[in-house]
Amino acid sequence: MELQPVRQTAKAPAQTFTGDVYLTPIYNGTGPSRMTVALVRFVPGARTNWHSHAVGQTLHVTEGVGLVGTRDGSVVRIHAGETVVCPPGEEHWHGAAADTFMSHLAMLEAAPEGGDPTTWLEPVTAEVYEQANKH
């Protein structure tokens, strides 16, 4: 057993997020584990860019209400205590609803060859976000 120190929270990069988002790393696995876990906090209206994950991603909401959208226009409204599983390769985005903060644990694995499992794409437009927020 190893107790690890609390890691420093950092503002998420503007090139992959819209609005104010804060990341606190929780765990980065070392062989054989490839697990990565981070606490991600979104202010109202903040969101990720479109992206996908080579091995999928699991989001567990710890606070607030959020949105997860996919390219086909599907939107899931997520609440504290709920978990969403995004399958490998699915292009999606996630963030806070327009009127509330949202925090989630983002859990994913590094790619099998050890590379970055996330492919970042373009920002989610205001129109796509506003439509999603109506759900």
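**View 1. Strand 11 and its pairing with strand 7.** Strand 7 (residues 57-70) runs antiparallel to strand 11 and is joined to it by 7 bridges, where strands are DSSP runs of E with at least two residues, numbered from the N terminus, and two strands pair if DSSP finds at least two bridges between them. Within this pairing, E63 stands opposite S103 of strand 11. The model is predicted, with local features requiring pLDDT of at least 70 and side-chain atom pairs pLDDT 80 or more, while totals for chains, interfaces and linings use all residues. Residues are numbered from 1 along each chain as its sequence is written, and side-chain values use heavy atoms, leaving out hydrogens and water.

**View 2. Strand 11 and its pairing with strand 4.** Strand 4 (residues 35-42) and strand 11 (residues 102-109) are also antiparallel and are connected by 8 bridges, and A38 has A106 as its bridge partner in strand 11.

**View 3. The aromatic pair F17 and F42.** These rings form a tilted pair, with 6.5 Å centre to centre and 50° between the planes (rings of Phe, Tyr and Trp, the last by its six-membered ring, pair if their centres lie within 6.5 Å; planes under 30 degrees apart are stacked, over 60 edge-to-face, the rest tilted). F17 and F42 are both buried, that is, under 20% relative accessible area with a 1.4 Å probe and protein chains only. Together with W120, F17 and F42 form one aromatic cluster.

**View 4. The ring of W50 and the charge of R71.** The charged end of R71 sits over the ring of W50, 4.1 Å from its centre, the criterion being CZ of Arg within 6 Å of the ring centre and within 35 degrees of the ring normal.

How values were computed:
Helix = DSSP H or I, 4+ residues; strand = E, 2+ residues; numbered from the N terminus. Buried < 20%, exposed > 50% of the residue type's maximum accessible area, 1.4 Å probe, protein only.
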